[in-house]
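Biologist: I am new to this structure. Please walk me through the terms, one case at a time.

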Amino acid sequence: MAQGFAQWGNDLYTGRRSYDIVGRRRLWYTISAILVAVSAVLLIKPGLNPGIEFRGGSEFVVSNVENLDQQLAIETVQQVAPGESPKVTTVGGQSLRIQTAELSNADVEEVQGALAEAYGVPEGQVTTSFIGPSWGADISRKAITGILVFLLFVTVVMTIYFRNWRMAVAALIALFHDLIITAGVYAGVGWEVTPATVIGFLTILGYSIYDTVVVFDKVRENTADTLDQSRFTYAEKANLAVNQTLVRSINTSVVALLPVASILFVGAFVLGAGTLRDIALALFVGMLIGTFSSIFLATPVEVTLREREPAIREHTRKVLAARGRRATGAADDEDAEALAAATIHSAGQLRPGAHQGVAAQPKRRR
Amino acid sequence: MAPPTRRHRPVRTLLWLGLLIVAIFGTIFAGTKTSDATWTPNLALDLEGGTQIILKPVSEDPGAITDETISQAIEVIRQRVDSSGVAEAEITSQGRNIVVALPGTPSEETLDLVRTSAQMEFRPVLAVGAPTPTTADDAAAPEPTPSASAEAQATDGEEAAADEGAAEAAATPTPTPSASTPASDTPSKAAPDNPSDVAYYVTPAVQERFDALDCTDPANLTGGAPGAPDVAYVTCDPDGTSKFILGPVEIPGKNIDSASSGLRTTSTGATTGEWVVNLEFNSQGTTQFTEVTTRLQGLSSPQNQFAVVLDGLVISWPSLSPGTIISDGKAEISGGFTRESAATLANQLNFGSLPLSFTVQSEEQISATLGSEQLQKGLIAGLIGLILVVIYSLFQYRALGLLTVASLIVAAVLTYGVITLLSWTQGYRLSLPGVAGLIVAIGITADSFIVYFERIRDELREGRTLQAAVERGWERARRTILASDAVNLIAALVLYALTVGGVRGFAFTLGLTTIIDVIVVFLFTHPMMTLIARTRFFGDGHPLSGLDPRRLGVDTARYAGRGRVVTPTTSGKAAKKDGDRVPVGVGTGGGATTSSGPTIAERRAAARAAAGDAATAPPGATEPTPDAAAQDEPRTGRTEGSEH
């Protein structure tokens, strides 16, 4: 199979086998639009479910207990409020602190009673209070400011690096696409959003742009001389670039997803609710979508934007017109056919040689 | 192929990497011998537990304790904790209390950062006395030995009188004598001449409180809420060596622009061994400070002294010798600081004071919220993932996969060393999201190698020898790797600079792994690749090397210079195996039948052959491909030369 894969990669590189990714962009746009729409619906209903780190909640402190078994506290709380996953901490060696999402007053009293009974202490030794969010509004506000500044910086840097703002815009569109779908899937699964989830989303933010930059770098390389030749259109050259990086994209996403998948598996099926599960789900979905978008969304969007440029539009028109003429004319012109068969195609990656320095020159024998 | 133009010294590069690793671990080793460094990174609150401090707000005015001031206080505390390193603290409100959970066993300085409100203000000294309670007779005996003097970056009285008016207005207090006080607190005058006006501010009631104050009693040395800003204030210094009557607040702490700590430097630039806190006022503070120093330097002792009050205690009371006017808005506070206490105070001043004063209600050890099970299972999961990555890369890249594995091991060693080093020097602590982030970084690090290897394969497909392909592929892969890592680095820097709490910790980890990725690719993967390209196993493209040109489709004739065309011996076999596959030139858009060989001679030969074929076969019979893309491919009559 590896043999087949290498051959396949080789065919993609030479262009013997080519997937018309850019040409069928309407299909990818439709798929992406549907995914985004479904995610948007999921984000509205049921919506993301913020954990106690964001909303605050109820806190119970059981003091002077003999038995510091944390599992007992979790089970006791879950008897009263099923579906709750309380955070249990030992405080000062003889107290237990149990934090849950905000409970109704009746539930709070019931949990208080149940905890007192479970740990064999009088009810007066179980105190309750309301705790505020540890991930407060100030953290969120600063994080959003940070992200906006980051996006601004990245747009500027990409515009300078690629000498074209359209690539930056396409990368940003792909990024929002990835984030919305990742958040939508998370909302659909219904797990609590914890700080670990947010860290996962932030990683996706970086990964999505990173992956897009790698693909765009190949597109830039292939299309640099588009206007200096009249054989291929911009879209065709960009399509070849995507095909040539396909093997890289697949290898990278497999290598990146394997550890994440194993964390997700262990987190979800062995450990249950917790940091690992939350971060791994966000990463798994985000990386998968990020790879999809850098191949099927970013480059087609970029081509769509570029084709609005007068120079590119004119060039595309010329190339297609010339090609049409040849198609009709070639049948009765055998010489042209012969020449076509012998022509060496180069869709961008062949570069003229350069001077190799004096050391490369032949030396006189002495 | 042309030999590489520049001389590369891969072994030397590898030695640099070895030196770097030795330096990191050597520093840690030295740290364990001389300081409190350990061989394992410190763990964060969720994995190790820590100390929980419950702060209860105290204020004379119960109305001051609102949700808003509590959340302001939380914000300031969080900034202070963040400034002391990258340990992630958890700060929540609990009713009207603030609960701060710090990882591990925090040092006294870190606890001070959280506990003290750091309300700093500047008041003129009206009277200084011995710390014990005094009778009315020997009251206000001036004690003319301030422990510190203003190291004035003092300038001559060059300050403009133009600002004087505004400053006067800002500094002039509005007297609010409270008539309700039983002891006569009524000033003898209607209005003070200036804030140093002893006759106005030192009322009999103030004098009575001053006389009664016992600064040898530790209860009076804890500080707390500062007094009302516009009346006289009686207090001690933190060591209990003197007591003071102070005038109204002349410069509030909010006019401090920035603060830093350092060793005192004399005017000649030499450093004395004394730790000081350097302040810089904002424009309003500068004007006020100029105005105050102008007035005080003309007064006699003790009124020429200037008290720096921190949380209600006088930490420094420098005297201004005549002629000392400070107009550049810079002040230096020396009050018997150590390195740590000076840094703590500078941190506190930088992020502003808390809007409330707090007392510590309880301070207790708390256990980890996640426990060792999560970390252990997480690491096992990471290990399984890593093994899968190794299997996959060996499968994909054969022997070259071993280079991926070796590079990942180098990256892991570097990461472990740097994290351990930083947890000693910067207080970095590894949380479970951090561990997950490091596992994810495997993917991003491995991507650099994949980009590099794929570029080398691309160059091989173009018919280069391995050594040339490595050089050429590296040049192009380097660009891509740097561009994409730059994006991650920007994300890390921006988020680290602008955010707090968990996001900041994430940014730190991201930046760290990105830099290590670049180091590993530049100092390990590339030099190693250059070295192994020289071996026969890789250089001749052994089928197991992952760089076998035949597997990469280079099975056509290749022009080798001087009129020779190299035809690989296996090409016949390959062609047979591939059945009816027709060789295609590299980089064709698809479809057209060509042979690759960029020489004029070959092209002419091909053209002759094609012309011969065309005469016998119907046109298009050699068209090999049914691909959709091929249908509309060009069959161009142009020659290569006209293309560029």
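Modeller: Start with Glu340(B), which sits in helix H9 (residues 339–350) of chain B. Helices (H or I, at least four residues) and strands (E, at least two) are DSSP runs, numbered from the N terminus. This is a predicted model: local features need pLDDT of at least 70, side-chain atom pairs count only at pLDDT 80 or more, and totals for chains, interfaces and linings use all residues. Residues are numbered from 1 along each chain as its sequence is written, while chains are lettered from A and ligands numbered from 1 in the order in which they are written.

Biologist: Why is Glu340(B) called partly exposed?

Modeller: Count C-beta atoms, placed from the backbone, within 10 Å of the residue's own: 20 or more others make it buried, 12 or fewer exposed, and anything in between partly exposed. Glu340(B) has 15 such neighbours, so it counts as partly exposed.

Biologist: What makes Gln376(B) exposed?

Modeller: Gln376(B) has 10 other C-beta atoms within 10 Å, so it is exposed. It belongs to helix H10 (residues 371–397) of chain B. From Gln376(B) to Ala64(B) it is 47 Å, C-alpha to C-alpha, and 312 residues in sequence.

Biologist: How much of chain B is buried?

Modeller: Of its 644 residues, 47% count as buried. The secondary structure of chain B comes to 18 helices and 15 strands.

Biologist: What is the handedness of the crossing of H10(A) and H12(B)?

Modeller: Right-handed. A crossing is right-handed if the near helix is turned clockwise from the far one by less than a right angle, and left-handed if anticlockwise.

Biologist: Which residues meet there?

Modeller: Among them are Val255(A), Pro259(A) and Val260(A) in H10(A), with Ile439(B), Gly443(B) and Asp447(B) in H12(B). Contact is called when C-beta atoms, placed from the backbone, lie within 7 Å. The contact residues divide into 14 nonpolar, three polar and three charged. Here Ala, Val, Leu, Ile, Met, Phe, Trp, Tyr, Cys and Pro count as nonpolar, Asp, Glu, Lys and Arg as charged, and the others, Gly among them, as polar.

Biologist: Why are H12(B) and H13(B) called oblique?

Modeller: H12(B) packs against helix H13 (residues 466–498) of chain B at about 135 degrees, with the axes 8 Å apart. H12(B) and H13(B) are therefore oblique to each other. Their contact includes Tyr452(B) and Ile456(B) of H12(B), and Trp474(B) and Ala477(B) of H13(B). Its residues divide into ten nonpolar, three polar and five charged.

Biologist: What makes H8(A) and H14(B) oblique?

Modeller: Helix H8 (residues 195–223) of chain A and helix H14 (residues 501–532) of chain B cross at roughly 40 degrees, their axes coming within 10 Å. They are therefore oblique to each other. This crossing is right-handed. Ile199(A) and Leu202(A) are among the residues of H8(A) in the contact, as are Val503(B) and Phe506(B) of H14(B). The contact has six nonpolar, two polar and no charged residues.

Biologist: What makes a nonpolar core?

Modeller: Buried Ala, Val, Leu, Ile, Met, Phe, Trp, Tyr and Cys residues, joined through C-beta atoms within 7 Å. The largest has 155 residues, and Phe284(A) and Val100(B) are among those with the most contacts inside it. Apart from it lies another core of 53 residues, including Val202(B) and Leu310(B).

Biologist: Last, is Asn64(A) buried or exposed?

Modeller: Asn64(A) has 10 other C-beta atoms within 10 Å, so it is exposed. Its phi is positive, about 55 degrees, although it is not a glycine.

Conventions
Two residues are in contact if their C-beta atoms, placed from the backbone, lie within 7 Å. Axes are lines fitted to C-alpha atoms, for helices over the stretch in contact, and angles run from 0 to 180 degrees between N-to-C directions. Angles under 35 degrees count as roughly parallel, over 145 as roughly antiparallel, 65 to 115 as roughly perpendicular and the rest as oblique.
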